[in-house]
Amino acid sequence: MLKLLAPAKINLCLEVTGRRSDGYHEIKSIIQAIDLADELVFEPADTLSISADAPGWRAERSLVSKAARMLQERTGTSFGARVRLTKRIPLVSGLGGDSSDGAAALKGFNRLWHLGLSEAELMEIGAALGSDVPFFFCGGTALAEGRGELLAPLRPYPGSWVVILMPPLRVEGGKTARLYASLRPEDFSDGSLTEEFARLLMEGSAVPPEMFHNTFERAAFELWPDFGRYRWRFIEAGATRVFLSGAGPSLFSLHADYSEAERIAANLEEQGLKSFLARTAGHLE
Ligand SMILES: C[C@@](CO)(OP(=O)(O)O)[C@H](O)COP(=O)(O)OP(=O)(O)OC[C@H]1O[C@@H](n2ccc(N)nc2=O)[C@H](O)[C@@H]1O
Ligand SMILES: Nc1ncnc2c1ncn2[C@@H]1O[C@H](COP(=O)(O)OP(=O)(O)O)[C@@H](O)[C@H]1O
């Protein structure tokens, strides 16, 4: 039996610099892994079965299934497997949950089926699975460019506690595509803020809070009119600065002090809001 963790991610800074001819967008982003993670258990079996403990989760919609198909097509393998997911990362939340599960699936099937694919080959297949998937072969703190699949590992962002609020907003499939499509030219920027963020990290300097930019902010408020209400609830719970992760809708705050983070998470739960308390995580070995 093989057990792998699939960590979530938050975007500390995210700039969209333009629309590409292939329908994707050029981005620069500082992506940070956190220890909120799904768990995948792989066991040998004659046929392929993939299941999860989360209501509403559908194997046929998950990148875990797509990862199996892509590896079978690429290597001709006809092995089966029994894969069981313990889902802790809320789906379609801006935390990269299914992307991370997809990366863990590529790693898990490669080992279970003895395919002998290198990390670089798996990352290349991961890039075809989704723009966020290659990050999960790197983990820690990284600068993502291109459509998000080109990664440069960075010096770790200082260890922090992360409070995450998953607002109870209606999120349909294709949320990420919809947010990207709703961006306007005035939302685009030149990526220099993200480059400066990466430079400060590499020289070990503090990053001022105003550098935690996310291009999707305006589009998120447009798509989810109630969005501002939940950000305000987060502030009322005690957070001084609240950031959007990826294309959302999850919001997060960062804290050096555990008791402060723990109190804010508890205040959110008392308001009946779904919150998570996590820690920034280092690079994957
Ligand atoms: C927005 C980000 C920021 O980290 O994260 P999430 O909010 O999804 O977690 C990522 O760019 C999400 O990456 P991922 O969710 O893998 O996107 P993909 O599956 O590759 O693409 C889904 C759709 O989003 C749009 N897309 C995605 C990436 C990109 N650089 N430009 C795009 O325009 C395309 O319409 C694409 O068809
Ligand atoms: N009900 C579902 N069951 C399994 N996978 C899903 C479901 N709905 C969406 N997905 C998959 O989740 C991915 C997007 O969600 P995720 O990566 O968790 O969030 P985000 O991209 O917002 O960080 C897509 O690959 C989509 O196919």
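## Ground rules

A polar contact here is a pair of N or O atoms within 3.5 Å; within protein, one must be able to donate a hydrogen and the other to accept it, and residues adjacent in sequence count only if both atoms are side-chain atoms. This is a predicted model, where local features need pLDDT of at least 70 and side-chain atom pairs count only at pLDDT 80 or more, while totals for chains, interfaces and linings use all residues. Residues are numbered from 1 along each chain as its sequence is written, chains are lettered from A and ligands numbered from 1 in the order in which they are written, and side-chain values use heavy atoms, with hydrogens and water left out.

## Ligand 2

Let's start with ligand 2 and its backbone contacts. A backbone N or O atom of Ser99 sits 3.5 Å from an oxygen atom of ligand 2. Ser93 also brings a backbone N or O atom, at 3.3 Å from a ligand oxygen, and for Asp98 a polar backbone atom is 3.0 Å from an oxygen of ligand 2. On its own, ligand 2 has 570 Å² of accessible area, and the protein covers 82% of that (Shrake-Rupley method, 1.4 Å probe; for residues, only the protein chains shown count as cover).

Who's in the shell? There are 17 residues around ligand 2, and Gly56, Arg58, Arg61, Gly96 and Lys175 come nearest (a residue is near a molecule or strand if one of its heavy atoms lies within 4 Å of it). Helices H2 (97-112) and H4 (175-181) each supply at least two shell residues, with H2 giving the most, at three. Helices (H or I, at least four residues) and strands (E, at least two) are DSSP runs, numbered from the N terminus. By class, the shell around ligand 2 splits into five nonpolar, eight polar and four charged residues. In that scheme Ala, Val, Leu, Ile, Met, Phe, Trp, Tyr, Cys and Pro are nonpolar, Asp, Glu, Lys and Arg are charged, and the others, Gly among them, are polar.

## Ligand 1

A polar side-chain atom of His25 is 2.8 Å from an oxygen atom of ligand 1, and a side-chain N or O atom of Lys9 is 3.0 Å from a ligand oxygen. Arg147 uses its backbone instead: a polar atom there is 2.8 Å from a nitrogen atom of ligand 1. The protein covers 83% of the 700 Å² of accessible area that ligand 1 has on its own.

E1, E2 and H4 are the elements giving two or more residues to this shell, and the largest share, four residues, comes from H4. Of the 20 residues around ligand 1, the nearest are His25, Ser131, Arg147, Tyr180 and Ala247. The class count for ligand 1 is six nonpolar, 10 polar and four charged.

## Helix H5

Now for H5 (residues 192-202), where Thr194, Phe197, Ala198, Leu200 and Leu201 are buried (under 20% relative accessible area; exposed is over 50%, partly exposed in between; 1.4 Å probe, protein chains only). These residues lie on the same side of H5, because they cover an arc of only 160° around the axis, taken from the directions from the helix axis to the C-beta atoms.

Their cover includes strands E1 (2-19), E2 (25-43) and E5 (141-145). Just after H5, Gly204 takes a positive phi of about 75°.

## Ala265

Ala265 is in helix H8 (residues 258-270) and counts as buried at 8% relative accessibility. Leaving aside neighbours within four places in sequence, Ala265 is in contact (heavy atoms within 4.5 Å) with Val163, Ser275 and Leu277.
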